[in-house]
Amino acid sequence: MNKVFQPRLRAVVILIAALACGSKESAAQGPSGLALDLSSDTESPGSEITLRLSLRVPEGVQIAKAESEITYPGQLLAFREARPGSSAKAVGAEVSATRQAVNANFENSVLRITISAKPGGSIPAGTLASLIFKISENAPSEGTITLNNKVSAWTPQSPSVPVQFIAGKDGEVKVIDSPPIFACFFYMH
């Protein structure tokens, strides 16, 4: 290959690789870019954690109701409460939570979070709910607990129509021996 052609070929290969990485991210969000994601947190056994349920809505799309069905190990995490997030509060959306055990010994629990806009309204993008959990004292340190997030959404049309393409990111709780300590740099000197 001649020396003039090599830099151009390298630039084309880098551009193709960058586009391929970007397309994987968009595919994870679903074809429409609509997603209901669960955040992650890090804390020690016996501590409370807060996970946020956040909605991403592409321009021109309206959502009247969003639902997240979260499956998690009930022996490691105990659900405490769901608080409306800033986006739900902004439009007076109702946030409800119901929990059920999948089996008698609470090996797995399912938490269903439903966010509903007022009739004729829609839910804006942003934080819809803050979910409070307590990590069991018996949770293994230096481990990760995965919360599977199965999502669905409906349009504000009457009758409401289910949205075909919505993605959802699972949540994670990283259990550590001691919580992270944040200190002021100037105070320490």
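Author: A charge counts as sitting over a ring if NZ of Lys or CZ of Arg is within 6 Å of the ring centre and within 35 degrees of the ring normal. In this predicted model, K65 lies over the face of W154, at 4.8 Å from the ring centre.

The ring pairs come next. A pair of aromatic rings is described by the distance of the centres and the angle of the planes. Searching the whole structure gives two aromatic pairs. One of them joins Y72 and F133, whose ring centres are 5.3 Å apart. Their planes stand at 80°, and planes over 60 degrees apart count as edge-to-face, so this pair is edge-to-face. Y72 belongs to strand 4 (residues 65–72) and F133 to strand 8 (residues 126–135); the pair thus links distant parts of the chain, 61 residues apart. Y72 has a relative accessible area of 1% and is buried. F133 is also buried, with a relative accessible area of 0%.

F133 also pairs with F79: the centres of these two rings are 5.6 Å apart and the planes are at 65°, so this pair is edge-to-face. F79 lies in strand 5 (residues 77–84) and F133 in strand 8, so the contact ties together parts that are 54 residues apart in sequence. Both F79 and F133 are buried.

Taken together, the ring pairs link Y72, F79 and F133 into a cluster.

Definitions and conventions:
Residues numbered from 1 in each chain as written. Predicted model: local features only at pLDDT ≥ 70, side-chain atom pairs only at ≥ 80, totals over all residues. Heavy atoms only, no water. Phe/Tyr/Trp six-rings, centres within 6.5 Å; stacked < 30°, edge-to-face > 60°. Helix = DSSP H or I, 4+ residues; strand = E, 2+ residues; numbered from the N terminus. Buried < 20%, exposed > 50% of the residue type's maximum accessible area, 1.4 Å probe, protein only.
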